Amino acid sequence: MFDHLLEPFRYDYMLTALWVSALIGAVCGLLSGFVTLKGWSLLGDALSHAVVPGVALAALAGLPFSVGAFTSGLLAAAAMSFVKLKTPVREDAVIGVVFTAFFAFGILLISLYPMQIDLKSIIFGNILAISPEDVVQLVAISAVCLLVIALKWRDLLLFSFDPNQARTLGLPVRLLHLTLLLLLSATTVAALQAVGAVLVVAMLITPGATAYLLTDRFGKLLLIGSALGAVTAFGGAYASYFLDGATGGCIVVLQTLCFLLALVFAPRHGLLAARHARRTTGLAGTLTP
Amino acid sequence: MSPPVSNELPLTLAAQQVSVTYPNGHTALSDATFTLTGGTICALVGVNGSGKSTLFKALMGFVTPTAGRVTIADAPVREAQRKGWVAYVPQSEEVDWTFPVSVEDVVMMGRYGYMNFLRTPRPVDREAVTAAIQRVGLSDLRKRQIGELSGGQKKRVFVARALAQQGRIILLDEPFTGVDVKTEEAIVTLLRELRAEGRLILVSTHNLGSVPEFCDQVVLINRTVLACGPTAEVFTAENLSRAFGGALRHFDLSHSTVEAHDGRQVTVLTDDERPLVLGQGGHLEYRDRAAHQKLVDEREAAKTTARDV
């Protein structure tokens with residue numbers, strides 16, 4: 001029985017998939033704190049879809065996928081801010097128009113020009129078949145993200161909470177905005193291989209949303225989000241071995257379970273706590289004449 | 001306690017022919033000129049859409065004037081910002097009260113300009129934060145998440161942040177909206193103390209009635225600066241009707257029972273909340289004459305000390 005549980009660790013490809021998933025899960029979880037609090041959830045979704053044409057073009061040109069994906073993601077972000085600045089169209093509509101345009105263009109490219117990559121692996125990811133070069137890239141991206149956040153999380157916090165105060169103190173607000181956007185794009189690219197374009201957004205939102213229910217302190221929220229991301233990504237990849245199911249699906253289902261648990265049982269913001277609080281205040285109400 | 005600011009020269013804030021045209025072609029403000037010097041509480045008064053918030057943003061360096069310039073101590077706003085001189089108390093509607101930060105966290109954000117690259121709080125930062133929180137009377141609530149505070153407490157958190165920052169110019173955006181009378185009085189008392197320390201307080205407000213009670217100067221806005229100077233000189237029926245047009249309710253009581261009863265002629269101007277009362281010939285009436293006299297005396301005393309220093 002115990003042997004059976006250790007079975008995944010006997011295969012090199014599984015070992016790689018496990019630790020790479022955990023790493024990317026941690027980085028996405030860390031960023032998810034900023035994404036959820038900055039209200040960038042839709043933007044994260046948009047970026048993850050907007051990288052697809054970049055991947056296709058990179059495959060055609062024989063360039064590394066991540067270069068194409070990163071460029072394409074940034075182009076989409078630039079296109080969004082341009083349209084937003086120049087038209088009175090609402091931001092969510094702008095994001096919707098731009099990212100679906102990019103995604104559609106990517107699908108069209110892939111269907112028109114047969115290439116080695118298949119659409120399925122971009123959209124759903126394939127961490128089990130990750131190449132050593134991709135592992136190196138992924139580790140590099142993760143290291144940079146972790147370093148930047150470790151050094152500048154307080155500035156990014158102020159920027160997220162009160163950009164006007166940041167500006168008043170003479171902090172480089174545009175640079176902070178760009179930094180957060182770059183981190184988000186880079187992480188999206190890195191996580192693409194683990195869970196695919198469709199589910200990246202879950203990795204970038206769910207851990208942060210779960211942590212938000214569990215704490216009222218931003219620093220703790222980042223740590224909880226990151227830990228949740230790592231544990232669920234590791235657990236999901238591990239479970240996918242036995243279930244023989246898609247890794248991305250397993251990871252995100254696990255993250256959703258954690259969110260549901262927090263939603264019900266969270267000590268202060270959970271449904272049960274809210275019910276308890278209502279009942280106590282209700283009681284107090286009846287006692288007061 | 002926060003170190004006294006009064007031993008430094010009071011700062012001068014100047015707008016010189018400031019015009020702001022937004023990228024969509026709308027000119028919100030043109031040719032706005034005024035000068036203020038520290039040791040004052042000045043109200044920035046105008047209706048919505050008068051360019052009041054644009055001017056406010058230009059003073060804080062959030063928008064760059066398309067013409068003219070804003071200077072603080074004869075230097076660009078950016079330099080004053082880098083020195084932490086400009087502190088800002090936002091409108092309650094602008095703040096995300098669900099954000100997972102405590103009272104202490106928010107007040108600490110006033111100290112960022114003094115901290116190192118990593119923004120690690122030093123003992124001096126913690127002391128400044130503790131002192132600021134104490135001064136606004138929130139010591140018991142310092143660990144609370146900001147959304148769990150009452151309207152008045154919320155406002156005081158951001159005033160404490162401005163204190164911790166040791167801002168020498170403090171800008172408050174509609175500080176009395178959604179605040180009970182008791183908190184309003186507490187904030188006004190605090191602002192008077194800050195004025196006595198030589199700071200320049202600029203309050204953006206549409207609440208006319210409270211202006212004469214605590215502001216010694218007024219800048220009246222309607223697409224440009226209509227008038228600026230001591231409250232009693234600026235707050236005339238003529239100026240106010242130029243600034244507010246038809247936006248004010250105008251109760252002329254000269255034919256009312258007021259005159260019949262005691263021979264006094266009163267005019268009440270109000271947009272909401274507290275009314276502004278003008279006496280015969282258009283001079284300002286104060287709700288509490290004794291308190292007003294005390295204010296005038298304080299102001300004179302402050303001027304004398306400033307001259308002596």
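**Before the close-ups.** The angle between two helices is taken between their N-to-C directions and runs from 0 to 180 degrees, with each axis a line fitted to the C-alpha atoms of the stretch in contact. With that in hand, please keep in mind throughout that this is a predicted model.

**Figure 1. Helices α11 and α12 of chain A pack against each other.** Helix α11(A) covers residues 218-243 and helix α12(A) covers residues 247-265. Two packed helices are described by the angle between their axes and the distance between the axes. Here the angle is about 130° and the axes lie 7 Å apart. In passing α12(A), α11(A) makes a right-handed crossing. On the α11(A) side, the contact is made by Leu228(A), Gly229(A), Thr232(A), Ala233(A), Gly235(A), Gly236(A), Ala237(A), Ala239(A), Ser240(A) and Leu243(A). Facing them from α12(A) are Thr247(A), Cys250(A), Ile251(A), Leu254(A), Gln255(A) and Cys258(A). By class, the contact holds nine nonpolar residues, seven polar ones and no charged ones.

**Figure 2. Two exposed residues of chain A, Val231(A) and Asp244(A).** Val231(A) belongs to helix α11(A). With a relative accessible area of 58%, Val231(A) is exposed, since the cut-off for that class is over 50%. Its C-alpha atom is separated by 9.5 Å from that of Leu254(A), a residue 23 positions away along the chain. Leu254(A) is itself one of the α12(A) residues in the helix contact of Figure 1. Asp244(A) sits in the loop between α11(A) and α12(A). Its relative accessibility is 71%, and it counts as exposed. If you check backbone torsions, have a look here: Asp244(A) has a positive phi near 55°, although it is not a glycine.

**Figure 3. The four-stranded sheet of chain B.** First, the setting: chain B has 309 residues, of which 52% count as buried, and its secondary structure comes to 11 helices and 13 strands. Among the contacts in chain B with a separation of 6 or more, 65% are between residues 24 or more positions apart. The sheet shown here is open, has the order β2-β1-β4-β5, and its pairing is antiparallel. Strands β2(B) (27-37) and β5(B) stand at the edges with a single partner strand each, so one side of each has no neighbour in the sheet. Strand β1(B) spans residues 12-21 and is joined by five bridges to β4(B), residues 67-72. Within that pair, Ala14(B) has Thr71(B) as its bridge partner. Gln17(B), also in β1(B), is a residue other than glycine with a positive phi, near 45°. Helix α1(B), residues 52-60, lies across β1(B), β2(B) and β4(B), running at about 55° to β2(B).

**Figure 4. The β4-β5 hairpin of chain B.** Two bridges hold β4(B) to the antiparallel strand β5(B), residues 75-76. Which residues pair up? Thr71(B) is bridged to Pro76(B), and Ile72(B) to Ala75(B). Two residues lie between the strands, and Ala73(B) in the turn has a positive phi of about 50°.

Figure 5. Strands of a sheet pair through backbone hydrogen bonds, either parallel or antiparallel. Val218(B) is bridged to Gly229(B), while Ile221(B) stands opposite Val225(B). This hairpin has three residues between its strands, and Arg223(B) takes a positive phi near 65°.

Methods:
Residues are numbered from 1 along each chain as its sequence is written. Chains are lettered from A and ligands numbered from 1 in the order in which they are written. This is a predicted model: local features need pLDDT of at least 70, side-chain atom pairs count only at pLDDT 80 or more; totals for chains, interfaces and linings use all residues. Side-chain values use heavy atoms; hydrogens and water are left out. Two strands pair if DSSP finds at least two bridges between them. A crossing is left-handed if the near helix is turned anticlockwise from the far one by less than a right angle, and right-handed if clockwise. Contact means heavy atoms within 4.5 Å. Ala, Val, Leu, Ile, Met, Phe, Trp, Tyr, Cys and Pro count as nonpolar, Asp, Glu, Lys and Arg as charged, and the others, Gly among them, as polar. Buried means under 20% relative accessible area, exposed over 50%, partly exposed in between (1.4 Å probe, protein chains only).
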